[in-house]
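The sequence and the model are shown first.

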Amino acid sequence: MKKVKIYVTLKESILDPQGSAVQGSLQKIGYAEVTDVRIGKYLEVEIADTDRDVEAIVKEMCEKVLTNTVIEKYRYEIEEA
């Protein structure tokens, strides 16, 4: 069995209003050092042992279901569960 950790964030060219709001809040309560915040998603997926290429499965899931590739980018880590 494989455990996949998937990290999804907005592309750098896409405005992140939620991140901007968090950054503003942090600065207002005394964290003036914070210059940027980007909000994203973290997913953990377990994949049963299979003859198929796990990396290909993960890429397909990310591009078809888990992300909007027009505005989001993703990276993942695959490890033994």
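A nonpolar core is a set of buried Ala, Val, Leu, Ile, Met, Phe, Trp, Tyr and Cys residues joined through side-chain atoms within 4.5 Å. Buried means under 20% relative accessible area, exposed over 50%, and partly exposed in between (1.4 Å probe, protein chains only). The model is predicted: local features need pLDDT of at least 70, side-chain atom pairs count only at pLDDT 80 or more, and totals for chains, interfaces and linings use all residues. Residues are numbered from 1 along each chain as its sequence is written, and side-chain values use heavy atoms, with hydrogens and water left out.

**Core**

The largest nonpolar core has 9 residues in all: Val4, Ile6, Val8, Val45, Ile47, Val54, Ile57, Val58 and Cys62. At least two residues of this core come from each of β1, β2 and α2, and α2 gives the most, with 4 residues. Helices (H or I, at least four residues) and strands (E, at least two) are DSSP runs, numbered from the N terminus.

**Sheet and helices**

An open sheet of 3 strands has the order β2-β1-β3, with antiparallel pairing. Its edge strands, β2 and β3 (72-80), each pair on one side only. Neighbouring strands of this sheet are turned by 20° against each other on average, direction ignored. Two strands pair if DSSP finds at least two bridges between them; β1 and β2 pair in the antiparallel sense over 8 bridges. Lys5 stands opposite Glu44 in β2.

Helix α2 (residues 54-66) packs on the sheet, where it touches β1, β2 and β3, and its direction makes about 150° with that of β3. Axes are lines fitted to C-alpha atoms, for helices over the stretch in contact, and angles run from 0 to 180 degrees between N-to-C directions.

Gln23 is found in helix α1 (residues 17-28). With a relative accessible area of 16%, Gln23 is buried. Leaving aside neighbours within four places in sequence, Gln23 is in contact with Val34, Thr35, Asp36 and Val37.

**Aromatic pairs**

How many aromatic pairs does a search of the whole structure find? The search finds 2, where rings of Phe, Tyr and Trp (its six-membered ring) pair if their centres lie within 6.5 Å; planes under 30 degrees apart count as stacked, over 60 as edge-to-face and the rest as tilted.

| Pair | Centre distance | Plane angle | Class |
|---|---|---|---|
| Tyr7 and Tyr42 | 5.2 Å | 45° | tilted |
| Tyr74 and Tyr76 | 6.3 Å | 20° | stacked |

Tyr7 is partly exposed at 24% relative accessibility, and Tyr42 is partly exposed with a relative accessible area of 43%. The charged end of Arg75 sits over the ring of Tyr7, 4.1 Å from its centre; this requires NZ of Lys or CZ of Arg within 6 Å of the ring centre and within 35 degrees of the ring normal.

In the other pair, Tyr74 counts as partly exposed at 22% relative accessibility. Tyr76 is found in strand β3 and touches Val4, Lys5, Ile6, Glu55, Val58 and Lys59, not counting residues up to four places away in sequence.

Note on methods:
Contact means heavy atoms within 4.5 Å.
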